[in-house]
Amino acid sequence: MPTYDAVVAGHLCLDLIPDLSATTLDQFQKSFLPGRLTQVGSVALSTGGPVSNVGLALHKLGVATRLMGKVGDDLFGHAILQLVRARDPQLAGGMVIDPSASSSYTIVVNPPGLDRFFLHCPGANDTFGAEDVRYADLHAARLLHFGYPPLMARMFADGGQELAQILQRAKATGITTSLDMAMPDPAAPSGQADWATILRLALPHVDLFLPSIEETLFMLRQPLFHELDQASPNHDILPLITPELLSSLSQELMALGARVVGLKLGYRGLYLRTAGRAAMASLGRARPSNPDRWANHELWAPCFQANFVGAAGSGDATIAGFLAALLRDLSPAAAVTMAVAVGACNVEAADTLSGIRTWSQTEERIAAGWPRHPLALDAPGWHPDPDHGLWSRHPTAT
């Protein structure tokens with residue numbers, strides 16, 4: 001029997017999150033001037049990146065989890081390992097310490113009234129490769145989630161050969177594979193990489209593909225991404241995303257090889273599309289016990305209403321909720337519901353983990369009638385599902 005339910009591998013860093021809650025927007029906007037000092041609150045220190053954000057959230061949700069990240073033998077690396085081991089010493093058993101590398105860190109800035117932004121040093125993540133994955137651990141697990149290849153230089157070098165090799169070797173163990181992305185920096189090598197080619201190489205070995213809508217558009221339809229970005233106030237393209245666009249993108253991603261596509265939509269929720277029964281039955285050790293229940297769905301789950309503090313790690317928390325539901329063999333509707341619920345809990349704290357509740361506490365909050373943000377869709381084939389608080393469509397509907 002598998003030793004772990006999930007292994008989470010890929011990008012890992014130390015997050016430094018200054019408290020800006022007492023800073024006005026006007027003060028913040030005047031902060032970045034030569035010689036200017038702006039007083040802020042205390043800093044929250046936490047591990048970041050999907051290895052931490054998804055992995056520790058899964059652990060908190062009751063999923064037996066193993067982490068595989070790479071750090072340097074330095075102060076930040078020691079802090080990362082200490083924070084992980086404080087949760088559970090067993091979590092860090094798959095970590096790699098590279099004395100020749102510096103550890104990655106991110107300064108997470110949550111301005112009042114604006115979306116967060118990041119100052120990031122990739123550090124040891126840039127040297128992470130296929131040799132850093134402990135494949136023996138994958139044989140003892142049901143699911144592998146790999147995250148943020150655009151922030152890991154070897155993952156997008158040479159047309160994505162290293163990323164494809166990791167996923168192919170993982171899939172060969174019989175495990176279910178899950179992949180998330182990150183927004184490439186347009187001014188950096190990641191932003192110049194041919195992501196359509198990389199995805200074409202990687203997705204045949206991916207069961208669950210779970211990026212954001214922004215990342216997907218940047219990688220597959222960059223002219224449209226820039227068009228929407230220019231047409232949207234504050235560069236917020238989410239109000240311009242339509243069901244038709246989501247269906248078209250998910251169809252393209254499934255044609256490249258993904259069996260399940262989940263597109264994170266920020267404050268507009270989560271879109272999910274699943275392939276047919278044969279694909280669901282071949283999903284690996286985390287496959288649903290009833291493939292028919294998962295076959296041929298399109299779902300759009302709106303967000304739950306939350307007391308917003310910060311959005312750091314909210315997408316990763318959403319993924320953790322979805323993966324935990326899949327591992328518990330829930331239905332697609334229940335899985336996307338738990339996904340947006342865990343994501344909503346996440347934004348109620350400044351760091352990436354404090355807001356997340358246990359599985360039972362999250363279930364109780366949903367069952368108590370937790371209200372959602374309204375979502376109204378006017379597109380062919382889509383209809384509301386009042387029992388689950390979401391919208392659904394069969395992909396064959398016209």
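The largest cavity in this predicted model is lined by Leu210, Gly262, Leu263, Lys264, Leu270, Thr318, Ile319 and Phe322. By cavity I mean a set of points, on a 1 Å grid over the protein atoms alone, where a 1.4 Å probe fits but cannot get out; lining residues have an atom within 4 Å of a point. Two elements each give two or more residues to this lining, namely strand S12 (260-264) and helix H14 (314-327). Helices (H or I, at least four residues) and strands (E, at least two) are DSSP runs, numbered from the N terminus.

The space in the largest cavity is about 50 Å³, and the search of the whole structure finds 1 cavity of 30 Å³ or more. Grid points are joined across faces, edges and corners, and a volume is the space filled by probe spheres set on the points. The lining comprises 5 nonpolar, 2 polar and 1 charged residues. In this scheme Ala, Val, Leu, Ile, Met, Phe, Trp, Tyr, Cys and Pro are nonpolar, Asp, Glu, Lys and Arg are charged, and the others, Gly among them, are polar.

A word on conventions. Residues are numbered from 1 along each chain as its sequence is written. Local features need pLDDT of at least 70 and side-chain atom pairs count only at pLDDT 80 or more, while totals for chains, interfaces and linings use all residues; side-chain values use heavy atoms, with hydrogens and water left out.

I turn to the second largest pocket, with a volume of about 280 Å³. A pocket is an open set with protein on both sides within 12 Å along at least five of seven lines. Of its 20 lining residues, Leu20, Ser21, Asn110, Val309 and Gly310 lie nearest the centre. S2 and S3 are the elements that give two or more residues to this lining, which by class has 12 nonpolar, 5 polar and 3 charged residues.

The buried residues of H3 are Gly77, Ala79, Ile80, Leu81 and Val84, where buried means under 20% relative accessible area, exposed over 50%, and partly exposed in between (1.4 Å probe, protein chains only). H3 (residues 75-87) has 13 residues and reaches 19 Å from its first C-alpha to its last, close to the 18 Å expected, that is, 1.5 Å times one less than its number of residues.

Next, the salt bridges, of which the whole structure holds 13. The criterion is a side-chain nitrogen of Lys or Arg within 4 Å of a carboxyl oxygen of Asp or Glu.

Lys70 and Asp132 form one of them, at 3.2 Å, N to O. Lys70 lies in strand S5 (residues 70-72) and Asp132 in the loop between strand S8 (117-121) and helix H4 (135-139), so the bridge ties together parts 62 residues apart in sequence. Lys70 is buried at 6% relative accessibility, as is Asp132 at 8%.

Which residue pairs with Arg221 in a salt bridge? The partner is Glu252, with the closest N and O atoms 3.1 Å apart. Arg221 sits in the loop between helix H9 (213-220) and helix H10 (222-231), and Glu252 in helix H11 (residues 243-255), so this pair ties together parts 31 residues apart in sequence. Arg221 is partly exposed at 22%, and Glu252 is partly exposed at 29%. Finally, salt bridges that share partners join Lys70, Asp98 and Asp132 into one network.
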